[in-house]
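Please look at the sequence and the structure shown below.

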Amino acid sequence: MAVKVYVVYYSTYGHVGKLAEEIKKGASSVEGVEAKIWQVPETLPEEVLGKMGAPPKPDVPVITPQELAEADGILFGFPTRFGMMAAQMKAFFDATGGLWREQSLAGKPAGIFFSTGTQGGGQETTPLTAITQLTHHGMVFVPVGYTFGAKLFGMDQVQGGSPYGAGTFAADGSRWPSEVELQHAFHQGKYFAGIAKKLKGSA
């Protein structure tokens with residue numbers, strides 16, 4: 001039976017969505033792994049999104065909290081808001097009380113990826129503060145660490161990401177994930193899927 005890896009994200013302008021696509025590709029490259037990409041529900045009205053200049057949502061299925069239990073491993077992606085996850089993702093986690101009550105996610109591996117506006121905007125605090133959500137569910141946090149290798153240490157260009165997970169800088173919204181950031185995302189998906197596969201195989 002295939003190992004199910006869910007890539008679940010929220011993205012206002014598409015930056016996190018871009019990372020999610022690469023993470024899915026990376027996870028799908030592992031033999032015996034079936035990766036699926038989802039987005040969480042939007043909480044802002046269309047009128048507000050329009051005033052913010054947010055583009056239409058992509059044709060990606062919207063997940064319900066109950067569907068998380070189907071996965072063998074989950075990677076969560078979101079932009080930062082003042083060093084923490086965006087309210088849309090927090091609202092989604094707040095709706096997982098039923099899963100918490102049944103401990104349906106306990107023991108499942110989980111990873112995190114993210115987007116921030118600036119270099120000091122939360123490439124570490126965003127995932128760090130998000131780990132509390134995983135902890136209360138008893139999930140096993142799988143950081144990417146420095147398994148991406150020397151590219152994570154590159155100083156010749158601005159790049160997002162940290163040992164916690166893949167990341168990008170959106171700046172004023174005009175900057176899109178660089179090639180190195182996309183490679184980091186692909187690597188995280190592949191690395192995470194390998195861990196999820198091992199965990200399921202040893203269960």
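In this predicted model, strand β2, which spans residues 33-39, is mostly covered, with 5 of its 7 residues buried. Strand β1 (residues 3-9) pairs with β2 in the parallel sense over 7 bridges, and within this pairing lysine 4 has glutamate 34 of β2 as its bridge partner. Together with helix α1, made of residues 15-28, the strands β1 and β2 form a right-handed β-α-β unit.

Lysine 25 counts as partly exposed because its relative accessibility is 47%, whereas glutamate 22, with a relative accessible area of 16%, is buried.

In general, side chains of opposite charge can pair when their charged atoms come close. The count of salt bridges in the model comes to 6, and the table lists some of them.

| Salt bridge | Closest N and O atoms |
|---|---|
| Glutamate 47 and lysine 51 | 3.6 Å |
| Lysine 200 and aspartate 72 | 3.2 Å |

Glutamate 47 and lysine 51 are 4 residues apart in helix α2, so about one helical turn separates them. Glutamate 47 counts as exposed at 58% relative accessibility, and lysine 51 is exposed with a relative accessible area of 69%.

The salt bridge between lysine 200 and aspartate 72 links distant parts of the chain, since lysine 200 belongs to helix α6 (residues 179-202) and aspartate 72 to the loop between α2 and β3 (73-81), 128 residues apart. Lysine 200 counts as partly exposed, at 30% relative accessibility.

Helix α2, which covers residues 46-52, also contains methionine 52, a residue that counts as partly exposed at 34% relative accessibility.

Phenylalanine 169 lies in strand β7, residues 167-169, and is buried, with a relative accessible area of 6%. Leaving aside residues up to four places away in sequence, phenylalanine 169 touches several others, among them Thr116, Gln123, Val158, Arg175 and Glu181. The C-alpha atoms of phenylalanine 169 and glutamate 70, residues that are 99 places apart along the chain, are separated by 32 Å.

Key:
Residues numbered from 1 in each chain as written. Predicted model: local features only at pLDDT ≥ 70, side-chain atom pairs only at ≥ 80, totals over all residues. Heavy atoms only, no water. Buried < 20%, exposed > 50% of the residue type's maximum accessible area, 1.4 Å probe, protein only. Helix = DSSP H or I, 4+ residues; strand = E, 2+ residues; numbered from the N terminus. Pairing = 2+ DSSP bridges. Right-handed = clockwise from strand over helix to strand, strands pointing away. Contact = heavy atoms within 4.5 Å. Salt bridge = Lys/Arg side-chain N within 4 Å of Asp/Glu carboxyl O.
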